[in-house]
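Biologist: I have the sequence and the model open. Could you take me through the fold?

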Amino acid sequence: MEVNGTPKPFQNIFFCVPQKKESHTGLERSRKKFYVLSMFPYPSGRLHMGHVRVYTISDTISHFQRMRGHQVLNPMGWDAFGLPAENAAIERGLDPEDWTKSNIESMRKQLDSLGLCFNWDRVSESLHSTDGGLDLNFGVLHHCISILSYLRLGPLLDALADLPEWYGVKSMQANWIGDCSGCFFNHIMKVDGRDSGEVLAAYTGSPEAVFGAAYVSVLPSHRLLHGSSALKTALLRALRPGRDSLTEVTALNVFTGREVPVVISSKKEFDGHLDTVMGIPDSSEEEAELAQSLGLSWISVLKTEQDGTQTLINSDEFTGQSRAEAFNSVTQKARERNAGGYLTSAKLRDWLISRQRYWGTPIPIVHCSACGPVPVPVEELPVTLPKVSSLSGKGASPLKTAQDWLRCQCPRCKGPAERETDTMDTFVDSSWYYFRYTDPQNPLRPFEHSRADHWMPVDVYIGGKEHAVMHLYYARFLSHFCRDQGMVSHREPFRKLLVQGLIKGQTFRVAETGQYLTKEDIDFSGPEPIQRDSGSRLQVTWEKMSKSKQNGLDPQEVLQQYGLDTMRLYLLYAAPPEQDILWDVKTDAIPGVLRWQARLWGLITKLRAAREGPETPNPSVLNKRERSEARKIWENKNYAITQVTGHFTEDFLFNAAISRLMGLTNTLSQASSRVVLHSVEFEEALASLCVMAAPMCPHLASELWAGLSQVRNPLGSVLLGKGSVLQQPWPSVDPEYLQTPDTLQLSVRINNKACGSVSVPREVAQDAQKVQELVLNSSLGARLLSERVIKKAILSPRTALINFLVDE
Ligand SMILES: [Zn+2]
């Protein structure tokens, strides 16, 4: 590639940035791992700007970590098992698999046109989910319904404390989980005195009074009354809608060994979103009234002492303890006996993971008339989804029509049996996909322990705030579960969570009707925009981009108009990742990044031109002033390396990183022609600048690097580096910079006039308040400033300068 004086139109550079392919089979132990994950997209068929933003961030972090010598996993897949696919298929009369596959294909093309460097070899077929069943046939999820009684929120809440880098999301999770103020007890459900195979976890806020339970109450919407539960018939028989209905189903409390009847509540909801509660008359008047009205008997378990405190009676070994003592000892014992007892929040109900729909992961359970529900043996997994002839979206699960698939042999008694026809909710798939990426081709199990341990936890997880509660909660839950099953060593799946803001577009609505208008329908010629035909006034706001609001942007069009790296740089520069971007090309962000790219190009051209002239570069010919100028460049380079590295590793403020690199660009642009020609500092700073820009604008940086590597008569070794810019090591701070004196000379100006310098400790050199004090206390300050009124002091740490604005 030939670099010449005019910047080329950057936008047509579509080449795949060369990558060292990560070793797939062997896990490299010598290099540190880095797992960067962006939330996988739902394959709708169209990328939107929000996707482009999240993948630009993950791509930038991946490039940076590779340049630091790390082994990077940046995988990609599809959240492909969703109801939209089934609904779209019903609407259009298509097969959901065909529809999903064609969407994946077109989105893959769009992603490729963005030049993103994902580990596509990590996309497992399972995450394509095209052969359905493989997606989730977790051996450990055999008792996929009974895992629900595993809800142990205490540990999930406690573990939040170990996630320092979750910021705002942490409190959202904690609020969502709620205070852990009570606990669940497991109950074996019986009909006519026979064990039904169902275990139900019922909540109480007074676990110490557990021996006084009179009943267990479920909501009419409880899963046991719907779907395919063994208790459904008995429960529905007793159901009198709108009334508290006593059923013949009983619940044996695993902890107390006492059996109580099950009541279907007259309520539509219990407090805190629960759907199963214990009725303990001693602990609540309301529960006592209900038990009385149904003619139920119970045992008194609380005795009020003369001093008003309550102690336990009729409670086995806990008799005689105070309520507070018993609260702790009962819950602890219940845990030890595996009968419940985990302190939990009253805010959660069971996670309903099954649906009567087709396009989802089959639940690997077989129903036998003799044995009841039987798990499919591990060696027969996965259960794959059969083809069905037509989908209506109504009635029973479409899987009931797949007769050949439905009928099977009972794994236990070998008699005739039927497969479970509900499928799993898509949240189940997305709650463990990050494990599967670590071992995507494994045909035997969800993932190998050692592989998951090598890559987990995810170092940075990037996605939208809308997923901050539900998805993250389920994912954390499943990771805790896998840890307790001995499948992985890490408990928390995500170390750092980067929640990205929205991309908003300007919307124009007719003030009276609220109708959204396209730009074509608007007259912008006056002082305020109006509707073209009617002249109506418009409300102008910023809203999340969407088709219905006429404010969307097609990434392909943006790409055509501005080019790939300009789009990337704009997305990174317009706002920190966690803030919303108000997409407006009229602000300074687009011109700013365009100008910066042109200036980078100009610097390469300048160096090449200087070194191609008749004079041979020679640092020893620089005079004192020029050497000091070169020294400033060297300092600025080191400062930029420190700052940019910090932004890439600590706060992910890519906008600040770009600003810092723009600052270094300015310094280099101002360099005198002799410093450009004769100093190694200019050359090295320019090389570092290109390398540090590379993760964010890899295509431009590759071109710049090609230009740099052709510079004649290089003075330093840095330009001799082999390979492309992305194969260069990330620049490190010169050791001498770190050893520079603990103080620096700060130039002092008064009303913009230079008037000397003051020595300040380096560690406070960025603190405007401290620097101002030091200057005022110095002899210079005493002489020039003590008598004057300071209106303002402006510190510029980059140029080591403070300017006092004073009354003349
Ligand atoms: Zn059987």
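Modeller: Glycine 486 follows α14 and has a positive phi, near 75°. Please note that this is a predicted model, in which local features need pLDDT of at least 70, side-chain atom pairs count only at pLDDT 80 or more, and totals for chains, interfaces and linings use all residues. Residues are numbered from 1 along each chain as its sequence is written.

Biologist: What span does α14 reach from its first C-alpha to its last?

Modeller: Helix α14 covers residues 470-484, and its 15 residues reach 21 Å, close to the 21 Å expected at 1.5 Å a residue. The expected span is 1.5 Å times one less than the number of residues. Helices (H or I, at least four residues) and strands (E, at least two) are DSSP runs, numbered from the N terminus.

Biologist: Which residues of α14 are buried?

Modeller: Among them are Leu472, Tyr473, Arg476, Phe477, His480 and Phe481. A residue is buried if 20 or more other C-beta atoms lie within 10 Å of its own, exposed if 12 or fewer, and partly exposed in between, with C-beta atoms placed from the backbone.

Biologist: And the whole chain: how many helices and strands?

Modeller: The protein chain has 25 helices and 29 strands. Of its 808 residues, 40% count as buried.

Biologist: Which residues have the most contacts inside the largest nonpolar core?

Modeller: They are Leu686, Cys690 and Ala693, in a core of 117 residues. Helix α17 (residues 589-612) gives the most to this core, with ten residues. A nonpolar core is a set of buried Ala, Val, Leu, Ile, Met, Phe, Trp, Tyr and Cys residues joined through C-beta atoms within 7 Å.

Biologist: What does leucine 686 touch?

Modeller: Leaving out residues up to four places away in sequence, leucine 686 touches Leu603, Leu607, Leu668 and Leu708. Two residues are in contact if their C-beta atoms, placed from the backbone, lie within 7 Å. A second, separate core has 42 residues, including Met189 and Val263.

Biologist: Changing topic to sheets: what is the order of the parallel one?

Modeller: This open sheet of four strands runs β2-β1-β19-β20, with parallel pairing. Its edges are β2 (71-73) and β20 (494-500), each with a single partner strand, so one side of each has no neighbour in the sheet. Two strands pair if DSSP finds at least two bridges between them. The twist averages 20° from one strand to the next.

Biologist: Which helix packs on that sheet?

Modeller: Helix α1 (residues 49-67) does, touching β1, β2, β19 and β20, and its direction makes about 175° with that of β1. Axes are lines fitted to C-alpha atoms, for helices over the stretch in contact, and angles run from 0 to 180 degrees between N-to-C directions. Within the sheet, β1 (residues 33-38) and β19 (residues 458-464) pair over three bridges, and valine 36 stands opposite valine 460 in β19.

Biologist: Which strands form the edges of the mixed sheet?

Modeller: That open sheet has the order β27-β26-β29-β28, and its edge strands are β27 (753-761) and β28 (790-796). Seven bridges join β26 (residues 743-750) to β27, and these two run antiparallel. Threonine 743 has proline 761 as its bridge partner in β27.

Biologist: And how does β21 run relative to β24, parallel or antiparallel?

Modeller: Strand β21 and strand β24 (residues 538-544) run antiparallel, joined by seven bridges. Glycine 505 is bridged to glutamate 543 in β24.
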